[in-house]
Amino acid sequence: MKRLPVLIAAIGFASQIHSFASPPPWPEKREIWFTKPAAQWKLGLPVGNGRLGAMVAGSFPKERIQLNENSIWAKEPMLRHPETTKDRIAEVQKLVDAGKYKEAHDLYASKIIMAGAPEIGSYQTMGDLWIEHVGKGKPESAGYRRGLDIATGLVTVTLPMSDGSAITQETLSSAVDDCIAIRISTTAAGGLDIDVGMTHPLPKIRPVVKGGDELLFEGQAQYDKGKDPYLGTKFSTVLKAMPEGGTVTGGEGVLKVRSAKAVTLLLTCATDFNMARPQEPLKDGWQKKAADTLAKAQAKPWEKLRKDSMADVSSLMHRCDVDLGQSPPDLRALPNDERLTRFDGTRSDPDLMELYFQFGRYLLVSSSRAGSLPNNLQGIWADKLQNPWNSDYHLNINLQMNYWPSETTGLSECHKPVFWLLDMLREEGRKMAASYGAKGFCTPHALNVWGRAVSNSRRPQWAGSLISAPWQVMDVMEHHRFTGDAAFLRETGWPILKESCEFVQSWVIRDHKTGKWVPRAGCSHEIGFKYTDENGKEQLSEIGPVTAYDQSIIWQIMSDYLEAAAVLGIDDDFTKSVKATLAELETPRIGKDGTILEWGVEEAVIADPTHRHLSHLVGLHPARLITPRKTPELFAAAKKSLVNRGITGAGWAMAWRSLQYARHADGDTALKALDLLAARPSPNFFGDERCQLDQNFGLTAAVVEMLLQSHDGAVDMLPALPKDWSAGSVKGLVARGGFEVEMEWKDGKLVQAAILSRLGGPLNVRHDGKTRSYETKKGERIQFTPSR
């Protein structure tokens with residue numbers, strides 16, 4: 001077993017956490033590497049600084065580095081639901097109350113969903129950077145290496161040449177200097193001869209040489225929609241070539257570097273996207289930001305720029321580490337593609353799972369930083385004009401999952417872009433809520449940076465729930481629980497949470513049978529149910545009564561609101577009304593078969609019993625409604641429902657199943673789901689077949705949930721430890737209350753633990769069925785040794 005360095009060496013480390021000083025490095029290098037270039041875009045190696053992303057192929061003699069800037073989106077027409085939508089909603093409710101579910105489905109599909117409305121615009125590529133080696137040198141047939149050091153964010157390609165020389169290419173995306181930087185060097189006596197150019201899928205977007213050593217690459221996001229193409233963000237990209245020795249000249253959109261021992265390429269991009277008012281693009285002058293940023297970056301020597309960027313990434317990555325056991329040396333010596341093939345056959349490679357865990361954290365560090373936009377379905381890496389699902393923000397599991405590991409693995413600041421998005425969505429979300437006859441704000445499940453709030457998904461199974469935004473709003477109190485940041489809660493979180501609570505408060509109605517508060521008719525995401533109508537005919541509907549999904553999230557939002565109100569000392573009339581509603585709010589119903597009713601009627605038979613979504617179990621995870629200590633009957637019903645759903649589905653679905661099983665303290669099944677997920681990704685771990693990255697973040701979160709939980713009133717250590725992880729250790733996991741945890745275990749038993757209290761306050765520690773309580777001071781370190 002690898003021994004992790006002690007993170008919590010003294011009480012004084014608390015100051016390191018808050019000042020983000022560099023924590024101790026990992027005991028070993030963690031790298032994704034290959035012995036060949038990427039044959040496809042999705043097999044490249046990603047770098048990113050939260051805003052600027054690049055995918056490195058490592059090709060020779062013509063290298064492709066695909067580029068992204070996170071605000072380059074095509075913009076769709078801004079539309080809104082008509083005021084009469086609320087009348088149609090009332091009609092749907094009457095049909096559902098009468099048991100006419102198919103009729104309600106048809107009315108929703110024909111009169112509420114704006115099916116003919118233009119779809120939302122897509123996140124887009126910035127374009128491609130091409131580096132062509134035009135010299136006479138030939139590569140050796142062996143010795144090629146392409147690797148990503150996930151502790152530093154540095155991609156290195158090494159290429160031995162037939163004359164005994166070697167070419168080295170290093171690529172990074174610096175958050176410190178806000179640029180993508182590439183350095184190519186050679187040991188050949190004659191130096192490097194390369195041509196540098198840029199292309200875009202739209203032929204009219206072409207580079208222009210500026211000053212003999214720069215390329216100016218300007219355009220506007222769009223994709224063809226016939227006579228009226230979607231136009232979006234304008235962008236201005238500047239690239240500068242700085243040779244060491246040799247020369248650089250430019251002409252016809254190409255920079256020619258000749259006889260250089262090395263060359264550094266610096267690239268940055270500015271856009272007219274206005275984060276303060278997305279619907280109002282920045283006026284003239286925004287282009288100058290790219291030139292100014294580049295001028296500052298080029299004043300730094302390559303060594304300094306490289307060192308600063310690597311140190312920045314390491315300061316985040318090194319905060320947390322896991323040791324799940326030791327893999328055999330022959331496996332550790334394999335490149336990623338071969339190692340994954342072996343893993344698919346043996347399922348025994350704990351170091352590979354550690355690498356996968358850290359890669360999820362690396363993707364979060366690279367795609368989401370304070371001041372950036374949130375990451376989307378593909379993080380910040382996308383190579384098309386119209387990407388799968390528009391590479392948008394999906395709020396029915398995907399964006400939520402993207403940020404599940406942010407707090408628990410020490411990356412709290414990477415969570416902040418979510419709150420920008422939620423705040424931005426309120427303006428159009430208020431109009432959508434009003435059109436549906438509600439207060440506060442709501443959104444559809446699919447969104448982009450422009451904030452259009454219109455349900456135009458093709459079917460009610462997507463558009464039939466308005467609880468997607470409240471689900472994401474759950475992040476507000478989670479961020480506060482981990483950080484104790486009262487200023488954030490007061491200034492940023494509270495306005496979002498209050499308006500979301502206003503919506504759910506206005507969206508509940510009295511159940512005509514039980515008299516309790518229940519959500520209005522809706523969908524359980526992406527699934528329908530069968531039932532027999534009054535004429536004895538089997539029908540299929542996606543709209544039904546009292547979904548467990550809506551019930552659970554409404555419960556959580558109301559509970560979060562009251563928790564926040566208590567922190568902020570607010571006890572107004574609205575707070576009193578929320579408290580009264582919550583007291584009579586119905587929680588998910590249990591059916592005769594002992595499972596949670598996805599729709600609150602026995603006659604609803606799930607159309608796809610092993611469906612990928614677990615919307616009816618959101619109350620177990622990520623919400624806190626269903627726990628073994630507070631709601632044992634619901635907890636047992638949730639377990640039966642989970643088992644019935646099977647271990648199948650997309651990568652994110654497997655990750656969510658793993659998290660759910662971890663909450664049930666079933667570590668072996670949780671690991672089984674992760675093993676199945678880990679055996680199927682691209683060789684570079686980069687998402688699923690569509691490069692959807694939620695599964696990466698979900699896997700990272702699931703590993704934490706097996707080792708540490710804190711949602712049920714205590715810091716629970718090793719609550720779902722799999723048998724296959726019988727010995728190991730962790731450092732830097734974070735629990736609610738601001739407690740940083742380090743643990744070591746052997747033979748499946750906890751040996752020792754240390755808990756650093758970042759905030760002070762009460763601490764309950766649960767292990768092996770026993771709970772100990774402490775009153776901690778800020779910066780205090782608690783040494784925990786289990787009872788024998």
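1. Some ground rules first. This is a predicted model, where local features need pLDDT of at least 70 and side-chain atom pairs count only at pLDDT 80 or more, while totals for chains, interfaces and linings use all residues. Residues are numbered from 1 along each chain as its sequence is written, and side-chain values use heavy atoms, with hydrogens and water left out.

2. Angles run from 0 to 180 degrees between N-to-C directions, and axes are lines fitted to C-alpha atoms, for helices over the stretch in contact.

3. Strand β22 (residues 529–532) pairs with β23 over four bridges, and F529 stands opposite S541 in β23. Two strands count as paired if DSSP finds at least two bridges between them.

4. There is also an open sheet of seven strands, in the order β2-β3-β4-β5-β10-β15-β14, again with antiparallel pairing. The edge strands are β2 (45–48) and β14 (247–251); each has a single partner strand, so one side of each is left without a neighbour in the sheet. From one strand to the next, the twist averages 20°. Within this sheet, β10 (residues 192–199) and β15 (residues 254–260) share five bridges in the antiparallel sense, with L192 opposite A260 in β15.

5. Take a look at K62, in strand β4 (residues 62–69). K62 counts as partly exposed because its relative accessibility is 42% (buried is under 20% relative accessible area, exposed is over 50%, partly exposed is in between, with a 1.4 Å probe and protein chains only). Leaving aside neighbours within four places in sequence, K62 touches W130, I131 and E132 (contact means heavy atoms within 4.5 Å).

6. Helix α13 (residues 468–483) is mostly covered, with 15 of its 16 residues buried. After α13 comes G484, whose phi is positive, near 65°.

7. Next, a helix pair: α19 (residues 667–678) and α20 (residues 694–707) pack at an angle of about 160°, with axes 11 Å apart. That makes the two roughly antiparallel (angles over 145 degrees count as roughly antiparallel, under 35 as roughly parallel, 65 to 115 as roughly perpendicular, and the rest as oblique). The residues of this contact divide into eight nonpolar, two polar and no charged (Ala, Val, Leu, Ile, Met, Phe, Trp, Tyr, Cys and Pro count as nonpolar, Asp, Glu, Lys and Arg as charged, and the others, Gly among them, as polar).

8. Helix α20 has another partner, α18 (residues 651–663): their axes come within 8 Å and cross at roughly 15°. α18 and α20 are therefore roughly parallel. By class, this contact has eight nonpolar, four polar and three charged residues.
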